[in-house]
Amino acid sequence: MENKLRMYNTLSRKVEQFVPKEEGKVAMYTCGPTVYHFAHIGNLRSYIMEDLLEKTLRYIGYDVKRVMNITDVGHLSSDADTGEDKMLKGAKREHKSVMEIAKFYTDAFFGDCGDLNIKTPDVVEPATNCISEFIHVIEGLMEKGYAYESGGNIYFDTSKLKEYYVLSNHSEEELLVGVREDVDEDVNKRNKTDFVLWFTKSKFDSQELKWESPWGTGYPGWHIECSCISMKHLGEYMDIHCGGVDNIFPHHTNEIAQSEAYLGHKWCNYWFHVHHLNDKSGKMSKSKGEFLTLSLLKSKGYDPKVYRLFCLQSHYRKPLEFSYEALDNIGAAYEKLVRRIGTLKKEGQVDQERFGYYRERFQEALCDDLNSSMAITVLYDMLKEDMSDATKHALAESFDQVLGLDLTVAYRMKEAEGEVDPETESYILAKIEERKAAKKEKNFALADQIRSELLEKGIVLEDTREGVKWKKA
Ligand code: AMP
Ligand code: ZN
């Protein structure tokens with residue numbers, strides 16, 4: 001298979017030709033959400049662009065396996081080993097247990113993803129499912145001399161590495177600024193950059209989730225979960241690791257340190273990082289308390305696909321500033337676009353030559369370090385060309401496999417009215433229940449399959465905060 005994609009790799013700080021370890025296959029890992037609050041639309045920008053990467057890989061012919069964790073333990077508010085436990089903070093805020101909070105916000109996250117046409121990764125694994133795997137890897141690190149016990153906790157010893165800052169050329173001083181939100185230096189650490197693998201000396205008296213370990217009762221650090229969950233499902237090597245730029249340090253830096261120390265070889269070849277969505281006051285963050293959610297945009301009447309298009313119109317390696325004015329402009333453009341496509345007559349002959357030409361141009365744009373706005377320009381160009389409606393319709397349908405904007409169904413969805421007969425309705429409701437049960441069992445692949453089955457029958461599901469709703473496509 002020809003390797004067409006060129007993408008920026010944070011590891012080499014260059015745009016490189018993407019070559020997977022195994023021909024035709026891609027092992028991909030995504031840092032999942034910390035489920036102590038709703039995802040904000042900045043988080044969702046990262047997941048939209050990662051979805052675009054995955055769908056581009058599939059579009060150009062790769063067989064992709066994508067794994068995502070759900071952070072339901074261990075992530076402290078400083079991203080390093082200081083500050084509050086984010087999950088505990090959420091539980092206290094809502095007077096609920098940590099697991100209740102985790103379940104509620106995990107469901108809310110996948111509801112947002114559904115609205116945004118973000119495909120559920122092939123494997124989704126909450127950190128609390130994998131405690132024995134974490135312990136196993138930490139034991140291995142202890143045996144190899146990369147970890148030590150101090151003051152009750154287990155730390156990774158960064159001084160044992162040849163190179164620690166592999167992901168960034170920033171100075172050590174600069175990088176540590178972000179970690180110093182809480183200035184309490186941990187006196188147990190041998191080196192400033194060491195990090196916790198396992199907490200036994202809990203900093204939090206009310207720590208709810210604790211497990212037995214060879215080092216005493218406690219809980220894992222945040223970084224270890226991604227290393228272990230990826231190894232569990234993808235093995236010792238991975239092609240692409242994704243996240244937002246804030247994950248570069250310390251999270252991904254520490255993931256590389258511990259994974260490569262444990263495995264004894266290079267772990268991941270390509271690092272894909274999405275730049276931040278900012279609002280006028282700066283970076284959007286959950287810890288600030290006030291942030292924009294997709295539900296808020298929906299309650300103001302915005303179609304989630306308009307937000308998706310807003311993200312696709314700008315490059316993932318540039319910071320993006322959010323404003324309602326910009327969203328309104330994109331909304332108007334989206335309306336026009338789907339109306340234009342929705343009124344094409346899809347019956348008739350598809351001109352294979354023109355189809356191939358535009359598919360190739362579309363692919364070229366995406367393969368140029370995911371130039372999504374250029375890919376959208378190709379869509380507009382092809383709509384302008386003098387060729388059959390059927391060809392245009394077929395192309396729009398094909399492009400939508402990657403763009404995920406409901407290009408060929410949105411117009412009909414907006415126009416569609418009317419009821420279904422009682423038999424069909426009870427069939428739909430049964431399917432919704434089946435999907436709910438699948439999600440509860442974390443069988444997201446089955447849940448997705450049910451959604452697609454219904455879509456094929458012209459029924460669209462929407463996950464809302466009030467529950468699942470359906471409408472005719
Ligand atoms: P979290 O739930 O905090 O673990 O973050 C989930 C994902 O969102 C991670 O990949 C972060 O790097 C990413 N992220 C956090 N803030 C932003 C932002 N303002 N814009 C884009 N991505 C972000
Ligand atoms: Zn991670």
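**A walk through the predicted model**

Ligand 1 is surrounded by 19 residues, and the closest are Gly42, Asn43, Ser46, Gly244 and His276. A residue belongs here if its C-beta atom, placed from the backbone, lies within 6 Å of the molecule. Two elements give two or more residues to this shell: α1 (41-59) and β10 (238-244). Helices (H or I, at least four residues) and strands (E, at least two) are DSSP runs, numbered from the N terminus. Helix α1 gives the most, with four residues. By class, the shell has five nonpolar, ten polar and four charged residues. Ala, Val, Leu, Ile, Met, Phe, Trp, Tyr, Cys and Pro count as nonpolar, Asp, Glu, Lys and Arg as charged, and the others, Gly among them, as polar.

This is a predicted model: local features need pLDDT of at least 70, side-chain atom pairs count only at pLDDT 80 or more, and totals for chains, interfaces and linings use all residues. Residues are numbered from 1 along each chain as its sequence is written, while chains are lettered from A and ligands numbered from 1 in the order in which they are written.

Next, the sheet. Four strands form an open sheet in the order β6-β7-β8-β9, with antiparallel pairing. Strands β6 (147-150) and β9 (219-220) stand at the edges with a single partner strand each, so one side of each has no neighbour in the sheet. Two strands pair if DSSP finds at least two bridges between them. Strands β7 (residues 153-156) and β8 (residues 195-199) are joined by three bridges in the antiparallel sense. Tyrosine 155 stands opposite valine 196 in β8.

Now a helix pair. The axes of α9 (residues 304-312) and α10 (residues 324-342) come within 9 Å and cross at roughly 105°. That makes α9 roughly perpendicular to α10 (angles of 65 to 115 degrees). On the α9 side, Lys305, Val306, Tyr307, Leu309 and Phe310 meet Ala326, Leu327, Ile330, Gly331 and Tyr334 of α10. Contact here requires C-beta atoms, placed from the backbone, within 7 Å. Eight nonpolar, one polar and one charged residues make up the contact of α9 with α10.

Last, a loop residue. Leucine 11 is found between β1 (6-9) and β2 (14-17). Leaving aside neighbours within four places in sequence, leucine 11 is in contact with Val166, Leu167 and Trp271. Isoleucine 101 is 90 residues from leucine 11 along the chain, and their C-alpha atoms are separated by 35 Å.

Definitions and conventions. Axes are lines fitted to C-alpha atoms, for helices over the stretch in contact, and angles run from 0 to 180 degrees between N-to-C directions. Angles under 35 degrees count as roughly parallel, over 145 as roughly antiparallel, 65 to 115 as roughly perpendicular and the rest as oblique. Two residues are in contact if their C-beta atoms, placed from the backbone, lie within 7 Å.
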